[in-house]
Amino acid sequence: MESNWQLNQALSPNNPGLAYSNFDVRNRIISTLNYRLDWAKNNKYVSNFSIFFSAQSGAPYSLGFVNATVNNTGQTVGLVYIPAVGETSKFFSSANQAQAAAFDAYIDGDKYLSTRRGQFTERNGARTPWNVQADFRFSQDIQVAQGKHPHVLTLTYDIVNLTNLVNKNWGIQYFSPNTFNSMANVGLSLEKDAAGKVISAGNATTYPTYTFNKGNVTSYSRDFFASRYQMQLGLRYSF
């Protein structure tokens, strides 16, 4: 119960509103192609060539604060207001205007954040790139004994993620880490004074004052193991 509350990306965790699920697969295209060749025309030597292709929408994730909020709700994660064009400088002190410019550049360079100018981010509003992959299998059946229950020796050869074998930049598999409930950090922190105390005007209508560290920005990740092509051989005896 505590994790569900703390890791709920919402402006008000007690009234979060509707949002897309972490497991939402918006669109998916699947295709299979198989070619069967009976060399002896009597099922004694049969080859199968198969390709399985899958392309699906990227995984959803949220962008905002990690291990911090600006409204003191006690949440571990929180959504963030994205300044409108020309408004960003108001969220940074006069000494940190270079950070304001860097944050503006970060917003403009992000496909999702650039659409949220003047609005808060949404739970699972952002998405990773599409995951596209093709797999290949070759199998060779050799009938070693006939009868009511033929004995068949089958040799298989698989290439998992054939797309990456064809081109090293293809077949990349993306995901959003679940450490903070698929939450990514925009790199903002509340500015603190020399004593480490958060600078606040004590007025709900006052702009919060941030610092921006591009090194703290997080996003989606690559599955380095699944993104590499793999090969395997198999042998089966059926009777």
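Mentor: Before we start, contact here means heavy atoms within 4.5 Å, and please keep in mind that the model we are looking at is a predicted one.

Trainee: How many aromatic pairs does the count come to?

Mentor: The count comes to 14 aromatic pairs, and one of them is formed by Y35 and F49, a tilted pair with 6.3 Å from centre to centre and 35° between the planes. This pair links distant parts of the chain, since Y35 is in strand β1 (residues 28-38) and F49 is in strand β2 (residues 45-56), 14 residues apart.

Trainee: What about F103 and Y106, why is that pair called tilted?

Mentor: Their ring centres are 6.1 Å apart and their planes are at 40°, so the pair of F103 and Y106 is tilted. Because F103 and Y106 are 3 residues apart in helix α2 (residues 97-108), about one helical turn separates them.

Trainee: Are those two buried or exposed?

Mentor: F103 counts as buried at 1% relative accessibility, and Y106 also counts as buried, at 10%.

Trainee: Changing topic, what is the phi of N181 near?

Mentor: The phi of N181 is near 60°, which is a positive value in a residue other than glycine. S182, which is not a glycine either, has a positive phi of about 60°. N181 is found in the loop between β10 (174-175) and β11 (183-185), and S182 lies in the loop between β10 and β11 as well.

Trainee: Now the surface: which residues form a nonpolar patch there?

Mentor: The patch is formed by W39, Y45, I142, V144, Y237 and F239, which together have about 670 Å² of accessible area. Among them, F239 lies in the segment after β15 (230-238), and at 69% relative accessibility F239 counts as exposed.

Trainee: Last one, what lies over the face of Y20?

Mentor: That is R26, which lies over the ring face of Y20 at 4.0 Å from the ring centre.

Technical notes:
Residues are numbered from 1 along each chain as its sequence is written. This is a predicted model: local features need pLDDT of at least 70, side-chain atom pairs count only at pLDDT 80 or more; totals for chains, interfaces and linings use all residues. Side-chain values use heavy atoms; hydrogens and water are left out. Patches are made of residues with over 30% relative accessible area and no salt bridge: like charges are joined within 9 Å, nonpolar side chains (Val, Leu, Ile, Met, Phe, Trp, Tyr) within 5 Å. Accessible areas come from the Shrake-Rupley method with a 1.4 Å probe; for residues, only the protein chains shown count as cover. A salt bridge is a side-chain nitrogen of Lys or Arg within 4 Å of a carboxyl oxygen of Asp or Glu. Helices (H or I, at least four residues) and strands (E, at least two) are DSSP runs, numbered from the N terminus. Buried means under 20% relative accessible area, exposed over 50%, partly exposed in between (1.4 Å probe, protein chains only). Rings of Phe, Tyr and Trp (its six-membered ring) pair if their centres lie within 6.5 Å; planes under 30 degrees apart count as stacked, over 60 as edge-to-face and the rest as tilted. A charge sits over a ring if NZ of Lys or CZ of Arg is within 6 Å of the ring centre and within 35 degrees of the ring normal.
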